[in-house]
Amino acid sequence: MTEPSQPRTSLRFQILVCEGPSCGMTYESEVLRDRFKGQIAADPDLKARVHVVDYNCFGRCSEGPNLFVRQLKPGERGDVEPGFDGFDGQRGFYPGVDAAKCDRILAQHVAAGIPVADLVDDY
């Protein structure tokens, strides 16, 4: 992971990786999930505040693989898939993620708390 140009945030995040029929099989989202988990495990700061969780489906299959980075509320468990209201007011949907985008999302959105403007989309 490249280092962010911004200072690191202390916010906690959940990265939801789509495991629906298209993203999970056609787009091999498992590769992205493993990449996220490996980079997070190697960084003590991220390991302490970021969870990677499978998500059933975002419903935008033709754009996959898709993921959502959501900020966790104080006391909220990061290892549990959220209900639909867990996305309210959050800007963190990333369609068509590949390895390079994965690295940018980790370095900017997750490490620094700033969504990647040219990659993030409305959900």
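Modeller: Happy to. Strands (E, at least two residues) and helices (H or I, at least four) are DSSP runs numbered from the N terminus, and two strands pair if DSSP finds at least two bridges between them. This is a predicted model, so local features need pLDDT of at least 70 and side-chain atom pairs 80 or more, while totals for chains, interfaces and linings use all residues. Residues count from 1 along each chain as its sequence is written, and side-chain values use heavy atoms, without hydrogens or water.

Colleague: Good. In what order do the four strands sit in the sheet?

Modeller: The order is β2-β1-β3-β4, in an open sheet with mixed pairing. β2 and β4 are the edge strands, each pairing on one side only.

Colleague: Which way do β1 and β2 run, parallel or antiparallel?

Modeller: They run parallel, joined by six bridges. Within that pair, Phe-13 stands opposite Val-50 in β2. β1 and β3, on the other hand, are antiparallel, with five bridges between them, and Val-17 has Leu-67 of β3 as its bridge partner.

Colleague: And what does Leu-67 face in β4?

Modeller: Leu-67 is opposite Tyr-94 there. β4 covers residues 93-94 and pairs with β3 in the antiparallel sense through two bridges.

Colleague: Is β3 buried or exposed?

Modeller: Four of its five residues are buried, so β3 is largely enclosed by the rest of the structure. Buried is under 20% relative accessible area, exposed is over 50%, and partly exposed lies in between (1.4 Å probe, protein chains only).

Colleague: OK, on to packing. How many residues are in the largest nonpolar core?

Modeller: It has 21 residues, and Ile-15, Phe-36, Tyr-94, Ile-105 and Val-110 have the most contacts inside it. A core here is a set of buried Ala, Val, Leu, Ile, Met, Phe, Trp, Tyr and Cys residues joined through side-chain atoms within 4.5 Å. β1 (13-18), α2 (29-41), β2 (50-55), β3 (67-71) and α4 (99-112) each give two or more residues to this core. The largest share, five residues, is from α4. There is also a second, separate core of nine residues, which includes Leu-16, Cys-18, Cys-23 and Phe-68.

Colleague: What does Phe-36 touch?

Modeller: Not counting residues up to four places away in sequence, Phe-36 touches Ile-15, Val-17, Val-52, Leu-67, Cys-102 and Leu-106. Contact means heavy atoms within 4.5 Å.

Colleague: Which residues of α2 are buried?

Modeller: Ser-29, Leu-32, Arg-33, Phe-36, Gln-39 and Ile-40. Seen down the helix axis, the buried residues of α2 fall within an arc of 140°, so they line one face; the arc is that of the directions from the axis to the C-beta atoms. Their cover includes β1, α1 (21-26), α3 (44-49), β2, β3 and α4.

Colleague: Last one: where is Asn-66?

Modeller: Asn-66 lies in the loop between β2 and β3. Asn-66 counts as buried because its relative accessibility is 2%. Its side chain reaches the backbone oxygen of Arg-60 at 2.9 Å. Leaving aside neighbours within four places in sequence, its contacts include Leu-16, Cys-23, Phe-58, Tyr-94 and Gly-96.

Conventions: A polar contact is a pair of N or O atoms within 3.5 Å; within protein, one must be able to donate a hydrogen and the other to accept it, and residues adjacent in sequence count only if both atoms are side-chain atoms.
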